[in-house]
Amino acid sequence: MTIVQPDKEWQHVSKPDIPAYDIFAKAIQKSQQDDREYRVIRLANGLEATLVHDGKADKAAASLDVAVGHLYDPDDMPGLAHFCEHLLFMGTELYPKENEYSEYLAKNNGSSNAYTGTSNTNYFFSASTNALPGALSRFAAFFHCPLFSPSCTTRELNAVNSEHKKNHQADMWRIFQLNKHLSKSGHPWSKFGSGNIDSLSKAAKELKKKGLLSNGSDVQSADSSVSATPISSRATSPTSSTWSAAEKEGDGGAVGREIRRRLVEWWTKEYSANRMRLCVIGKEPLDELSDMVSKLFSPISKRDVEALPMINDHPFGTKEAGTFISAEMIMSIHCLEVSFPIAYQAPLWRYQPGNFVAHFVGHEGPGSLHSYLKNKGWVTELSSGPQPLARGFAMFKVTMHLTNEGFSHYREVLIAVFKYLSLLRSSEFPAWYQREISEIKATRFRFQEKRRPEDYAVWVSEHMAWQVPRDLLLSAPQLAQPWDESSEQTEGEREVREVLEGLQVRKGRAVLMAKKEEHERLRGKLDWQQEPVYGTPYLVEKFDEDLIVEAEGTNNIKELFLPGPNEFIPTNLDVDRRNVDEPAQRPNLIRETAISSLWHKKDDRFWVPRANVLMDLRSPVAYESARAAAMTRLFVDLVTHSLTEFSYDAELAGLSYTINSHNPGIFINLQGFNDKLHVLARDIFTKARTIVVSPNDLHVVKQQLTRNWQNFFLEQPYRISEYYARYILTEKQWSLAEKLAELPSITAEELQAHIARFLSQLEIKALVVGNMYKDEAIRLIESTEQALQASPSPVRVNEIARLPVPGTDAIWSSKVPNPNEPNSVLSYYVHMGSLLVPRLRVTAALLNQILSEPAFNILRTREQLGYVVSCSFWKAPGEAEGGIRLVVQSERAPAYLEERVDAFLDEMEQSIRTMSDSAFEEQKKGLEKSWTEDPKNIRDETYRFWSHIDSGDLDFYRRQENTQVLSGVTKDEILSLFKTHIHYSSPTRAKFSVHLRSQKPQPKKVSEAAMIAFEENISQRGLAIGSQQWRQELFESGEPLLTQAITYWTQIFSAESSGVSQDTVKDLLLELSQLAERYPAQSAYEGKTRDSAMAIDDPATFRTSLRISDLPKPVVDWGDLPTSKL
């Protein structure tokens, strides 16, 4: 090996058989807690890689970030970057099999994904550590020899289109595109990023219309080239113009081939090695990782393009500033968002002025904007901060969720925002504010815990695009430097003042979001316009002069003032680290009384001054009726509502809490630096006990809860199907409709009495994990009991399941609630049995592992049923029983989807039967690696323990037992389990499915049979139309819409040479519509349910026929008590 130093920062490395590369010579600044080793290398082609050696890793990962996203789409092909992200996964020259990558990862306890952003596209995966070389080889090939197989073109166009339709009724996507649409004319920000089949094919269709595309095997572009200009240094596959018959199938005809040609052309130009930043995390030493990356990624070509393209022109021009937008929402939401253009913040990493301003605007303590508006009863939530729209420009946003009264007073809310910003501009900022922010960030960075390796790899690769010194690539995004206190105005404060000067009414935009009827109730009939992609109705107005004058005035709201010092900043960060041979694999029961049981584990693995506390407060009162369930939820929401001012400083300082209701009662999670965790716990439980329900606060939380529950039915159909399935499978379950019916009549007095009854009968399960000793944990639970002043529950409160009995084949059919949702959904559940039986538990898990990847590959990728497809193991309520659940969300009818799932099961029976011994062992090894994977942080470990405390089985060594049982499992066992429990032919299978059908009519399509009959009709009329090549024109991408066929034939008949009269044309087109009815399109087939299937007419009655699961019980008596409490 030869090492030379071309400069002080980079060392050149040259080795035999390894492409040369440079190593960044300085040490990478990292957290003191971080025991990993880091290295940055730069390949000869310009690709930079951050390599992470983790000697304790049991999972490897990689992420590659390409510095182009959808803002770099060609103007005439919106969505091309996203389409590239989809098609890139469909095989490479080195690994041509379509699902080779996903199949390899699935067998090695891995997974993958990708996303297309505005200025970047990120690809990532995880796998077991020993599988990293193979996974990285397959991954790297995407970027130097992708096939972009023609046979995948139509399928992935459909996948992109399905993804768009999935998002079409989602307000987040609709408002995102509306804001893009309302930007400076011609600015890249206005592009439609996700794309759909229309946006991707429009340019090709225009060429075809002009006769510039042929229907043969060659693609003739507008400039007569056949394909993108070849690059000699890369593989030939993407630019090939000669394809096999198999490759042509599904290529989309002339239009599809032109789309592919444009994709290859774009990829060849934009995907350059110098635009790529890679992070690889593995167990291998840094030298080995360096050589591996250099060998695998050096074949990527470097183009003559800018390494880090920037868009410095802001999309917010003078026309867009000072405007008020009214936007219609799908869901029942009242929201006001105020936006201002600001400088791109990444170059300002030292002092982070945008975050400094957000610290004040988004504060929730006394004197804050949030506190003022909340006390007025106008907002339920407020958030703010800089948002990097793209590399080169950003926005500062203030987002408020309004109550009904807040919506009626939106103008006053808007004025309050500007008054608070005026207060900030007129205020002095003592240096201690930045010092406090810097201290909090430094503490978090110092005690940073590990996370899932793929998440960390994505974070690193994304932030490598920040133009900071390479040795600060980890620390710069996470730390803020204190201001220089020796000068009158520091550089940091100057940057803050520049941000604040831009946050003025004449430079901003406000968007008021609500349903149409809410807007018009408040403001009368409005002259709506329509955003062209999602069809969102909107109205643009200029801020009126009265509002501008008031907004530009000084602050006159006396309730607004700046926050004081944060008293929750931890001062004791000591960790008593004691070396252990092996971390303990379970918590210990250290205290048990008539009211509570406390499990505890002192941290012996992560050594950070943090703790995680879980408490489950169970009461027979919580869920005794639908009304009681609604009141328990209101209780939780009121506690959270009342604690915001107090808890916000705690959250800033690294302490947080969540409190949620569930069927047995209330679940509470406290986590963060343990120094002052007990203070947070004391105040939360004291508030819960002493809360006084005021009619005004109750009114606000009832409004919010009503909207949340109503809006649930406008979410994705697959989520609603899960809710319906859970309703069937839960022994005691009140529906949202039943709870919604109770909300309006609940009074403050009744809720106050319910809270007292709830707290008077409690069973508390608690778990403390982290940097707390037994005595500290015991004092915590004792103070909790003292604060709550509770009495023991007279009965055990458990969540148990209703289970389908053997021989069940039931279908619950209903409609998707949202009338404009185009997708239907199938949720298909087969029950496996008790998870307390080790052999069944293990074989069921292995069977799920074998089915999961093929389910996605066959039902989504190959059959193109829809964007949402999954196969997963589903634990029934109580977690003592479980089964396998397949979900398909699609524009096809649910009965047809069930037919395709059954066909998939036929295919999988044959696949399992013919599976080789080596392939079966690979599946077992992949599952074993998932069970032997260590927790990555205290939170992971806590919830791993909690699942067994919550269920009551106390089976903390289940993973170890599973691994032992797995070693003896045979393929014959799996096949037998599949045939008896999964396959539809089994007389003992216990299965039920939920069919939710879209109410939105599907556009009518035309079958090939109808077109043949139509052609015969034309011939019988003696019309001399000639050969019109309708197959190539209409069917190259599948069955066309009837409207497309009518348009095509109208153009044919209207030609002067046709000699067809207008009356005859009218008759012929009527015949075409009739033939479309007589010979339905294949895509119109809705499927047929099996004769043996039972329709669930009354879900409540069906639930009574199901078997009740056994009460939970421990499988192990650990014998921890009696012990010394300390």
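Author: Two strands pair if DSSP finds at least two bridges between them. Helices (H or I, at least four residues) and strands (E, at least two) are DSSP runs, numbered from the N terminus. This is a predicted model, in which local features need pLDDT of at least 70 and side-chain atom pairs count only at pLDDT 80 or more, while totals for chains, interfaces and linings use all residues. Residues are numbered from 1 along each chain as its sequence is written, and side-chain values use heavy atoms, leaving out hydrogens and water.

Reader: Are helices H1 and H4 parallel or oblique to each other?

Author: An axis is a line fitted to C-alpha atoms, for helices over the stretch in contact, and angles run from 0 to 180 degrees between N-to-C directions. The axes of H1 (residues 80-87) and H4 (residues 153-167) come within 10 Å and cross at roughly 120°. Angles under 35 degrees count as roughly parallel, over 145 as roughly antiparallel, 65 to 115 as roughly perpendicular, and the rest as oblique. H1 and H4 are therefore oblique.

Reader: How many residues of the contact of H1 with H4 are charged?

Author: Contact means heavy atoms within 4.5 Å, and here His82, Phe83, His86 and Leu87 of H1 meet Thr153, Glu156, Leu157, Ala159, Val160 and Glu163 of H4. Ala, Val, Leu, Ile, Met, Phe, Trp, Tyr, Cys and Pro count as nonpolar, Asp, Glu, Lys and Arg as charged, and the others, Gly among them, as polar. The contact holds five nonpolar and three polar residues, and its charged residues number two.

Reader: Which strands are the edge strands, pairing on one side only?

Author: Strands of a sheet pair through backbone hydrogen bonds, either parallel or antiparallel. Six strands form an open sheet with mixed pairing, in the order S26-S27-S25-S28-S24-S29. Those that pair on one side only are S26 (868-875) and S29 (1094-1095).

Reader: What angle does the direction of helix H22 make with that of S28?

Author: Within the sheet, S25 (residues 824-834) and S28 (residues 991-997) pair in the antiparallel sense over six bridges, with Val825 partnered by Leu996. Helix H22 (residues 717-729) packs on the sheet, where the strands touched are S24 (809-815), S25, S26, S27 (881-890) and S28. The angle between the directions of H22 and S28 is about 140°.
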